[in-house]
Amino acid sequence: MRIDDLFFYPKELVDEETQALALSIRQWADKEVIANRLKFSENYRQSVEDSRKKLAIDIGLQQMIWPEAYGGGGFNSYKRSISIVRAIEEISRADPGIGFMYAANLSSYAPMVMEPHVDKELCARFAPIFCGKELKTGGSLILPGAGDIHDEGGPLFLGRTIQVAAALRGDEWVINGKGLRPFNSGAGTELFCIVCAIVDGKKFKGAPSIIYVPGDLRGIKKGKVFKKTGLNADENADISFDNVRVPKAYMVKRDSAVKGVYSWLNLCMGAVCIGSLMNVYEIIKDWVDVRVIKGKGLIKENPLDAAVLAEIAEDITVSRLLTYNLANIMTRPKDYGSLEQDQVFTLAEMIGMRVTSSALHAINRTMELMGSAGYATEWNLEKHWRDIKTIQSYLCGVGADVPVKMDIARQFFDCKEI
Amino acid sequence: MTIDDFSRPQEYISPLDKHLGNIIRQWAEKDVIPYRRRFDEDWKEHKIIEPAFKKLMADLGLQRCIFPEEVGGWGLGHSNYTATVSYRMFEEIGRADTAMAVAFGVTFWPLTAITVEPHVNMRLCKEFAPMFNTDKACFAALVMTEPQGGSDIENIDLLKGRTIETTAILDGNEWVINGHKLWPTNTAGVADLLGVVCTTKSGSDDPNDFALIFVPSTTKGVTQGGPYEKAGMAADKNSDVWFEDVRVPSWYRAAGPGDDAGCFEEVISWGQMGSSAFLTGAMMNLYEILYKFCSEKTYNKKPLKENDAIAALLGRIAGDLDICRVIGYQAARMIDRPDIYGGRGSRQVVSKIRNFKEFIADRAVENFGKAMDVLGFYGADRAWDIEKHWRDIKIIQLWMGGKQLCQMEAARYFFDCKTL
């Protein structure tokens, strides 16, 4: 049985155009990545760039999210949430690292490109960068995270420390922040999407805001690409902003945009996880179909191992349903509220946390069944494990799942002081 | 509070513990921890890793410790504290790098069958001790897993060795060995001496046919492949090993018919005890790193450790280490004192120590994963050292039959299951 038939998702919500796109991506995945995993292991960076180029330019994923009026693919609407999940899922089946890049890129563009908040000035300025025929790294998010005990402490976004300050000087924002850890793509990004605290003199004022900063401006210092557990398709580096100036118009003009970024991020990372799990299923299915235990029967016929396989299938099924359900909810603001409002924002966090956790659980169980093959590079499972774990830690930001739990407790129990 | 304050039964501790522990900690601080972030890229060559091994094993002389004094060793195999002091050594090495700990520990693994009371085989000790009395690092390997699987071979209580396909046939005064092995620690050209698990009669489940035979790695007919690329454990090389009409003297068999199978059951206890030590060593380092991060970084304008919800996670992590260390040292004690707990290879001891290891591995896997999340954007960053441990300790959970075999052994023992 095909994986799409085995693991349900609401097919009736996926339009023909999206299914055609998903098919194109699957063909790309099978031909360019999965069939070439040996080549990828020999020269990963170059292989990723080659395969990304086909995906980004030939299939058109790089411009997909930008408005048609600015040369994009027109997927710039909350109404396309399901299409976006479907696309990211298929990319991530091949390589969660590449899926992660698209997921994070999209989340970084969302505040300016997504209907009903399309910012024409910002789109006109930045769409040409990403809607051409040249492969780009894409947008990089700088989100609130851990504070430093030695700092006096700036304003918070729901307990997380905002480490970038923006001050209005005439018609320009002056951006400052040191030793910042981007969520993604810090090393090569063309455009930072930064959650900033607005300062007026020595005082902070107003709500956290999003300001876009082109990646090549004077005053931006990039550290070395750092080594990390997974997601090696994406090169990241610490960033400092030293009096970096951008036009006043580069700020997104609504307070709720920051929560919207988190909603998109959790949805899209959920899609990365379920794509990864689809391939994990394919890997373990191949394994248990031939592997013999105790010198006789197949491993999948042993009740203990079958019970573990059942856990894996359950994790995949539930994760996929949850992620598509979130996408569906995000397409229906009249019924559920905007994705920038507390209720959907909290739901997205909950589902993001649940799906990453389930994905990791399923991969861990798969590794147990495969033994040494689970951690040997040649079986292609361990990369999924490293990639998904990295996403889980990144989504936490700081303090494990505690910040998300505090957001949930606030939403459901009206907590005031946590 | 320091890492040395985590609990362990003080009455079990060897008089050598403090001295050896301090020596290895100094070595780890100077020769391993400053370099370990580069180990992943060194997995094939071991250019950075080898000098640290040389210092530990040859210069400090630890590779000789298990051999009797008469052949130049330290006589650790004669002690009532062999396992307990080994636990401390493994733990200290594991704190710095669990892959180095396994490469070190596995060197003694097959040797327990000829150096530890009551199995001392002085003829073989005399034969092999000179290999280890050198100024270069010398390793041994226990060559066990085969292409059809490793857990079945380790599942000796049920399968009694009948799935072993590597054969040893007596031809005059020599064993002739043929077979194909996978995954042994210290292969890919590392080990000088191989302890080969094989059968003298293919398909037999008679314990008399189970054999553990020593083979110097330079023997004609032994071929080792290149190292496997893995998710972690760069300091531990693993490869295919082929034996094609390999001939060794008949007296290279460890203990003889029936006794080899008994030694192998003991080997399982040793291996699970060692695995537990690697894990608690890594967890001690986790505590050190978390203490620093959670004291310096804030959430909601307080140090992470001062937030009640985060503190609950930290408390669980530290509490688990405290408990796991007690359990790990208990495993070592059970190996050291068969007069109190029963034979090292008995169902009782094998099952319980497997159970201990499974528990400790589960706690370690969960706690390292949670710790990476506490660090958030920095959890996957190699510069914070936790993620490397996270990759390494998962491998420890998976090896030696993994969780499922541990669970079956426990069920068999505690519920008297007959067919698992």
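Author: Two strands pair if DSSP finds at least two bridges between them. Keep that in mind as we look at this predicted model.

Reader: What makes strand E2 of chain A and E8(B) a pair?

Author: The cut-off is at least two bridges. E2 (residues 147-148) of chain A and E8(B) have 2 bridges, in the antiparallel sense, so by the definition they pair. In one bridge A:Gly147 has B:Thr298 as its partner, and A:Asp148 has B:Lys297 as its bridge partner in E8(B).

Reader: In what order do the strands of that sheet stand?

Author: The order is E2(A)-E8(B)-E9(B), an open sheet of 3 strands with antiparallel pairing. E2 of chain A and strand E9 (302-303) of chain B are at the edges, because each has a single partner strand, and one side of each is left without a neighbour in the sheet.

Reader: How many residues are in contact between chain B and chain A?

Author: On chain B there are 46 residues in contact with 46 residues of chain A. The elements giving two or more residues to that side of chain B include strand E8 (297-299), helix H10 (308-336) and helix H12 (347-375). H12(B) brings the largest share, 6 residues. By class, this side of chain B has 19 nonpolar, 12 polar and 15 charged residues.

Reader: How do you know how confident the predictor is about the complex and about chain B?

Author: For the complex, the predictor gives an ipTM of 0.97 and a pTM of 0.97. Chain B has an average pLDDT of 95, and 100% of the residues score at least 70.

Reader: Why is B:Ala113 called buried?

Author: A residue is buried if 20 or more other C-beta atoms lie within 10 Å of its own. B:Ala113 has 26 such atoms within 10 Å, so the residue counts as buried. You will find B:Ala113 in helix H5 of chain B.

Reader: Which residues is B:Ala113 in contact with, leaving aside its neighbours within four places in sequence?

Author: Its contacts are B:His119, B:Leu212, B:Ala254, B:Ala255, B:Cys263 and B:Val267. Take B:Cys263: in sequence B:Ala113 and B:Cys263 are 150 residues apart, yet C-alpha to C-alpha they are 5.7 Å apart in space.

Reader: Why are the buried residues of H6(B) said to be on the same side?

Author: In helix H6 (residues 122-132) of chain B, the buried residues are B:Leu124, B:Cys125, B:Phe128, B:Ala129 and B:Phe132. Around the axis they cover an arc of only 125 degrees, so they are on the same side of H6(B). B:Arg123 and B:Pro130, on the other side of H6(B), are exposed. The buried residues pack against helix H5 (112-115), strand E4 (193-199) and strand E5 (210-216) of chain B.

Reader: Which residues of E3(B) are on the covered face, and which on the uncovered one?

Author: The covered face has B:Trp175, B:Ile177, B:Gly179 and B:Lys181. On the uncovered face are B:Glu174, B:Val176, B:Asn178 and B:His180.

Reader: What do E7(A) and E8(A) form?

Author: They form a hairpin with 2 residues between them, and A:Gly201 in the turn has a positive phi of about 70 degrees. Strand E7 (residues 191-200) and strand E8 (residues 203-214) of chain A run antiparallel and are joined by 9 bridges.

Notes
Residues are numbered from 1 along each chain as its sequence is written. Chains are lettered from A and ligands numbered from 1 in the order in which they are written. This is a predicted model: local features need pLDDT of at least 70, side-chain atom pairs count only at pLDDT 80 or more; totals for chains, interfaces and linings use all residues. A residue is buried if 20 or more other C-beta atoms lie within 10 Å of its own, exposed if 12 or fewer, and partly exposed in between; C-beta atoms are placed from the backbone. Helices (H or I, at least four residues) and strands (E, at least two) are DSSP runs, numbered from the N terminus. The arc is that of the directions from the helix axis to the C-beta atoms. Two residues are in contact if their C-beta atoms, placed from the backbone, lie within 7 Å. Ala, Val, Leu, Ile, Met, Phe, Trp, Tyr, Cys and Pro count as nonpolar, Asp, Glu, Lys and Arg as charged, and the others, Gly among them, as polar. pLDDT is the predictor's confidence in each residue, from 0 to 100.
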